[in-house]
Structures are given as C-alpha cells and as structure tokens.
Amino acid sequence: MGANLSYDTVDLSGRVAIVTGSNSGTGYETAKALARMGAKVVMACRSQSKAEQAIVQMRSEVPEQSLDLTFGKLDLASLQSTTDFADWFLSEFDRLNILCCNAGYLGLSFEVTADGMESVFQCNYLSHFLLITHLLPLLNASSPDPRIVSVSSGAHWQGHIDLPSLHTSSAFSFMTTYGCSKLYQIFMTGVMQRRLKDSGITLSSVHPGVVNTEFANSTAIVRWLKWFSWPLMRTPAQGAASIIYACVNPELEGQEHLYIVDCRPTDPTPYARLVLIPYYTAFRLDGPVPAN
C-alpha cells in the first residue's frame, strides 16, 4: 500500500463525538480511538445488542483506560429514526465536537425505504444530511474546533448528479448508485463548507481505502471481487486511520474543501470538483449564497 497511515494523538477530554455505524469495521476503530483520546463517544447504530457487544470488546482491548462509550439508536433507513436520534442526543448532551458520518450501505438490488427513497442513497447520504442539519446548531455552539467528517469513497468517480434516476428501478446499478451516494457526500461537504464559512466548523470527506470489513462481505459479487483484491485491502484499523486523522488533526482546523486520502488532504475527481459550481444553489441551509 505504501501509504503513511498515521494521525496525531490529541487530548479530547471534555469533548463529545458521534460515530455512526460504529459497532464494526472502520467505525468501530474510529470510536475506539476517539474514546482512547478521552472523548465521550456516542455509538449511533441500528442494533443495540451489536453496539453493546462492541463496547465490551473495546473495553477489553483497552483495559488500562475507562473508555466513555454509550449507545444511541439510529437506523439510517428511516428518516423518523434519524430525527428521533437527533432529538434524543439534543436532550441528553449540551455539546457536540465531532460528528463522524461513517455508516455505509451497499445493496445489490433496487430497494425503496419506507420514506420512498432508494435505500443506498438514503442510508449513505440523505439521512446523514438530515442528521447534520438537526445537530448543526449544537455543533456551531460547541468549542473547541467542531468537526463534521463524512466517510465517502474513491468509488464516487462512478457517480453522477441525476436525482430522478436514482429513485427508479430501471436506472439502478449497484456500483453506480453507491458511487452516486458517495459523490453526494463530497458534494454536501463542499456546499456546507461554503455556507458555513467563518462558523468555526471544519468539514471534510474521507476515502478510507478498500477495507476488509463486514461491509465488504455484504453481497456475493462484492465477496467475489474481494477474493481477487484481498492482498491490497486494508484492515479496519488501517482504513480508520484517515477518518481519525480528519476528526482530530490540529492542522486541519479551519481549512476548507478537505478531501482526505491516506491521512493527507488531496483532491477528489475533477467531476466531483466541477459539479459543485453549478449545483450548490440547490442546497439551502439558510438561504442563497452570495455570488463571489
């Protein structure tokens, strides 16, 4: 792999973090690392039993510390569950320093959620966007150095900007749909960065690499591809390194247009950069953005 996958160890005492999809894979390693640095980590997961098992496992792996970890119920396939989680969090916590949107889903067939959305697009992008908007006022009021980290993918190069086709079965392709959801995450990061300029919130999107996780075993085709590519695949800890780097590296504070690969800022595909220009006005957080 040849990459320098390293990140600073930062004192996060007194800070609160949310990591979605943190009962396994890169989310597990990210939550564990943030907790080891002293943060109180909310593991936002669909399954309480799996999250609680993960907490027990983390604490057994770090017996020398008292890791501050707690479960929060979040099903990204449901907009209501996403809203309920945000409301619960706001009722329980008075600060949020790190929001790590890590959870991901890859489906082989076209599926529609109860909200009427294509499931991959909703789980990977839309529900995370909803979560961010609900928690944004608290992030904005939290210090020091609030951050939003979205775990994207190098597969975003296969995506395109065409919302109507994303929700039709005739246009479904599992890798294209997955790529679209990851492209929109990068898109969202750039748009929100523009709108939140001077807010003090640092936003970034991250490509963790091709990681050997439960996610990589989610479908027969992906397992077949994994069989050929496993020598190049990263462990969950290696994949989490760039995510953790984005969450804590002090040098990133206040930087803009961050796309992190191999624990360093770089550029997404040219298409991902270009689509930000004509489409940013479609996303409204607090009104139109003044022209440059």
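Reader: Before anything else, what does contact mean here?

Author: Two residues are in contact when they have heavy atoms within 4.5 Å. With that cut-off, residues 24 or more positions apart account for 75% of the contacts in the protein chain that have a separation of 6 or more. This is a predicted model, in which local features need pLDDT of at least 70 and side-chain atom pairs count only at pLDDT 80 or more, while totals for chains, interfaces and linings use all residues. Residues are numbered from 1 along each chain as its sequence is written, and side-chain values use heavy atoms, with hydrogens and water left out.

Reader: ok, and how many helices and strands does the chain have?

Author: The protein chain has 9 helices and 8 strands; these are DSSP runs numbered from the N terminus, with at least four residues of H or I for a helix and at least two of E for a strand.

Reader: How do the strands line up?

Author: The 8 strands form an open sheet with mixed pairing, in the order S3-S2-S1-S4-S5-S6-S7-S8, where two strands pair if DSSP finds at least two bridges between them. S3 and strand S8 (264-266) are at the edges with a single partner strand each, so one side of each has no neighbour in the sheet. From one strand to the next, the twist averages 25°.

Reader: Which way do S4 and S5 run, parallel or antiparallel?

Author: S4 and strand S5 (residues 147-151) run parallel and are joined by 4 bridges, and Val-149 in S5 is the bridge partner of Cys-100.

Reader: Which strands does H2 touch? And which ones does H3 touch?

Author: H2 packs on the sheet by touching S2 and S3, and its direction makes about 170° with that of S3. Helix H3 (residues 79-92) also packs on the sheet, where it touches S1, S2 and S3, and its direction makes about 140° with that of S3. For such angles, the axes are lines fitted to C-alpha atoms, for helices over the stretch in contact, and the values run from 0 to 180 degrees between N-to-C directions.

Reader: Now H1: is it mostly covered or mostly open?

Author: H1 is mostly covered, since 11 of its 12 residues are buried; buried means under 20% relative accessible area, exposed means over 50%, and partly exposed lies in between, using a 1.4 Å probe and protein chains only. Its buried residues pack against several elements, including strand S1 (16-20), strand S2 (40-45) and helix H8 (236-248).

Reader: What about Thr-30, is it buried or exposed?

Author: Thr-30 lies in H1 and is buried, because its relative accessible area is 0%. Not counting residues up to four places away in sequence, Thr-30 touches Val-19, Cys-100, Ala-240, Ile-243 and Ile-244.

Reader: Switching topic, how many residues are in the largest nonpolar core?

Author: That core has 39 residues, and Leu-34, Val-41 and Cys-247 are among those with the most contacts inside it; H8 gives the most to this core, with 8 residues. A nonpolar core is a set of buried Ala, Val, Leu, Ile, Met, Phe, Trp, Tyr and Cys residues joined through side-chain atoms within 4.5 Å. Apart from it lies another core of 34 residues, including Leu-74 and Cys-123.

Reader: What does Cys-247 contact?

Author: Leaving aside neighbours within four places in sequence, Cys-247 is in contact with Leu-34, Ile-98, Cys-100, Arg-147 and Val-149.

Reader: Which peptide bond is cis?

Author: A cis peptide bond, with omega about 5°, joins Ser-143 and Pro-144, and Pro-144 lies in the loop between H4 and S5. Asp-145 is in that loop too and has a positive phi near 55°, and Asp-145 counts as buried because its relative accessibility is 11%. Most residues other than glycine have a negative phi, and most peptide bonds are trans.

Reader: Where is Cys-263, and what is its phi?

Author: Cys-263 is in the loop between strand S7 (258-261) and S8, and its phi is positive, near 60°. Cys-263 counts as buried, at 8% relative accessibility.
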